[in-house]
Amino acid sequence: MKRLSLGLFLMLACAAFVGAQEQEKAGAAEKTEPGIAWKWANFVILAVGLGYLVNKNLPPFFRSRTAEIQQGITEAQQIKRDAEARAAQVDARIQKLGEEIEQFRTQSREEMRQEGERIQQETAKQLSHLEHLAQQEIEAATKAARRELKSYAAQLALDLAEQRVRARLKAGTETALVDGFIHDLQGQELHGQESKN
């Protein structure tokens, strides 16, 4: 920036020098106008003042503007890098999501297979248990039927025996049997009293 201001100052000085020479030539030709020298002097002062102000104010302005632009470029590059990183993360997640879906499908198939096997085993166990219960019920029903059959047969045998005994017994025989039974009871009673004494 100093070179720029120095170059600008040199240009203005050259312009002032050339202007002064032309003024001398014009002054020689026309001596009547003394204000041209002052005009050139004012112009040189104004040019130097403008050069000084430009040299003083423009470099910081350009530097700050350049810094803002560079900062904007840096931020844009950072935003671009962040966006690319997020895009890469999203791509990785999408790829990972596909893998997770496939893993979930595999796991679901395996769980369904295991559940099917468990249900088959439980069903077989329940069928075996039901067969065992049915076998026990059949055996119990068979035993009960045999008992009823034996009881029924015994009842029939008793009824038949009673009918036969009734048919053979006569009124006198019946009385003799009852008397014999009473006599036996009395004999047992006496025998029981003797043994106590």
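Q: How do the side chains of Arg-65 and Glu-68 meet?
A: They meet in a salt bridge, at 3.1 Å from N to O. A salt bridge here is a side-chain nitrogen of Lys or Arg within 4 Å of a carboxyl oxygen of Asp or Glu. Keep in mind that this is a predicted model, where local features need pLDDT of at least 70, side-chain atom pairs count only at pLDDT 80 or more, and totals for chains, interfaces and linings use all residues. Residues are numbered from 1 along each chain as its sequence is written, and side-chain values use heavy atoms, with hydrogens and water left out.

Q: OK, and how far apart are Arg-65 and Glu-68 in helix α2?
A: They are 3 residues apart, so about one helical turn separates them. Helices (H or I, at least four residues) and strands (E, at least two) are DSSP runs, numbered from the N terminus.

Q: Is Arg-65 buried, exposed or partly exposed, and which is it for Glu-68?
A: Arg-65 counts as partly exposed because its relative accessibility is 42%, and Glu-68 is partly exposed too, with 46%. The cut-offs are under 20% relative accessible area for buried, over 50% for exposed, and partly exposed in between (1.4 Å probe, protein chains only).

Q: How many salt bridges does a search of the whole structure find?
A: The search finds 6. One of them joins Arg-113 to Glu-110, with the closest N and O atoms 2.3 Å apart. Those two residues are 3 apart in helix α2, so again about one helical turn lies between them.

Q: New topic: how many aromatic pairs turn up in the whole structure?
A: The search finds 1. Trp-40 and Phe-43 make an edge-to-face pair, 5.7 Å centre to centre with 90° between the planes. For a pair, rings of Phe, Tyr and Trp (its six-membered ring) need centres within 6.5 Å; planes under 30 degrees apart count as stacked, over 60 as edge-to-face and the rest as tilted.

Q: Where do those two sit?
A: Trp-40 and Phe-43 are both in helix α2, 3 residues apart, so about one helical turn separates them. Trp-40 is partly exposed at 31% relative accessible area, and Phe-43 is partly exposed at 38%.

Q: What makes the nonpolar surface patch?
A: Val-54, Leu-58, Phe-61 and Phe-62 make it, and the patch is about 330 Å². Patches use residues with over 30% relative accessible area and no salt bridge: like charges are joined within 9 Å, and nonpolar side chains (Val, Leu, Ile, Met, Phe, Trp, Tyr) within 5 Å. Val-54 lies in helix α2, which covers residues 35-168.

Q: Which residues gather in the patch of positive charge?
A: Lys-143, Arg-146, Arg-147 and Lys-150 do, on the surface. Lys-150 is in helix α2, and it counts as exposed because its relative accessible area is 64%.

Q: Zooming out, how many helices and strands are in the protein chain?
A: There are 3 helices and 0 strands. Along the sequence the pattern reads α-α-α.

Q: How much of the protein chain counts as buried?
A: Of its 197 residues, 4% count as buried.

Key
Accessible areas come from the Shrake-Rupley method with a 1.4 Å probe; for residues, only the protein chains shown count as cover. Lys and Arg count as positive and Asp and Glu as negative; His and the chain ends are not counted. The place of a charge is taken as NZ of Lys, CZ of Arg, CG of Asp or CD of Glu.
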